[in-house]
Amino acid sequence: MTGPNAAGKGEVSAYLRTKGFVVHSLSDIVREDASAMGLPPEREHLIKVGTMLREHGGLGVLAERLMPRLGSRDVVDSIRNPAEVATLRKAPGFLLLGVDAPAELRFARSRLRARPGDPESFAEFAVRELQENSTNPAGQQLRATFELADRVLDNDGDLEALRLKVDALLDSLSAR
């Protein structure tokens, strides 16, 4: 799963967990390394650590480190680089799901969830979006990654509407 900050990827993952999927996140691998370095789990630190890991371990390193953990009904959240998609496409049945929502709605959602390091203003939110769309091949490239999506869910409504869209997707994939 890929998409911009606060688009609803976590909500989709949580709902898929209730449907029997095992959920993994590439961000968890970054958080593990950031913690080992003594860094707090704030977004700006995670972006830097993820870039550093890709620079030193190869662009697909996060996905490569996750692959041994995957089974047959898994969700991988927080895919942020096209090379991660290329690596994960080696897994049988891989499908990249993009989750998106308008920027203003995503900013409002980020304010409600109040994670450490979330932007305080829409201007700061917009700057963070630029950081997540780096031209550095080892950086986050959310837009380029999103463009690789096999399917897209527009999360422009409430949680129930999103769940209905996930159910429709599962029905279309005969994966329920």
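R65 is partly exposed, at 32% relative accessibility, and it's a handy way into this predicted model. Its side chain pairs up with D33 in a salt bridge, where the closest N and O atoms sit 2.8 Å apart. That bridge joins distant parts of the chain, with D33 in helix α2 and R65 in helix α4, 32 residues apart.

**Salt bridges**

- Searching the whole structure turns up 11 salt bridges.
- One of them brings together the side chains of R69 and E32, at 3.6 Å from N to O. R69 is in the loop between α4 (61-66) and β2 (74-77) while E32 is in helix α2 (residues 26-36), so this pair ties together parts that are 37 residues apart in sequence.
- R106 and E129 make another salt bridge, with their closest N and O atoms 2.6 Å apart. This one also links distant parts of the chain: R106 belongs to helix α6 (residues 103-113) and E129 to helix α7 (residues 122-131), 23 residues apart.

- For R69 and E32, the label is partly exposed: R69 has a relative accessible area of 41%, and E32 comes in at 38%.

**The largest pocket**

- The largest pocket holds about 760 Å³ of space. It is lined by 38 residues, and the closest to its centre are N5, K9, G10, R113 and R115.
- Several elements each give at least two residues to this lining: α1 (9-18), β1 (22-25), α2, α3 (43-57), α6 and α9 (159-173).
- By type, the lining of the largest pocket splits into 15 charged, 12 nonpolar and 11 polar residues.

**The second largest pocket**

- Next comes the second largest pocket, with a volume of about 620 Å³. Of the 23 residues lining the second largest pocket, F21, D74, G93, F94 and L95 are the closest to its centre.
- The elements that give two or more residues to the lining of the second largest pocket are β2 and α9.

Notes. Residues are numbered from 1 along each chain as its sequence is written. This is a predicted model: local features need pLDDT of at least 70, side-chain atom pairs count only at pLDDT 80 or more; totals for chains, interfaces and linings use all residues. Side-chain values use heavy atoms; hydrogens and water are left out. A salt bridge is a side-chain nitrogen of Lys or Arg within 4 Å of a carboxyl oxygen of Asp or Glu. Helices (H or I, at least four residues) and strands (E, at least two) are DSSP runs, numbered from the N terminus. Buried means under 20% relative accessible area, exposed over 50%, partly exposed in between (1.4 Å probe, protein chains only). On a 1 Å grid over the protein atoms alone, a cavity is a set of points where a 1.4 Å probe fits but cannot get out, and a pocket is an open set with protein on both sides within 12 Å along at least five of seven lines; lining residues have an atom within 4 Å of a point. Grid points are joined across faces, edges and corners, and a volume is the space filled by probe spheres set on the points. Ala, Val, Leu, Ile, Met, Phe, Trp, Tyr, Cys and Pro count as nonpolar, Asp, Glu, Lys and Arg as charged, and the others, Gly among them, as polar.
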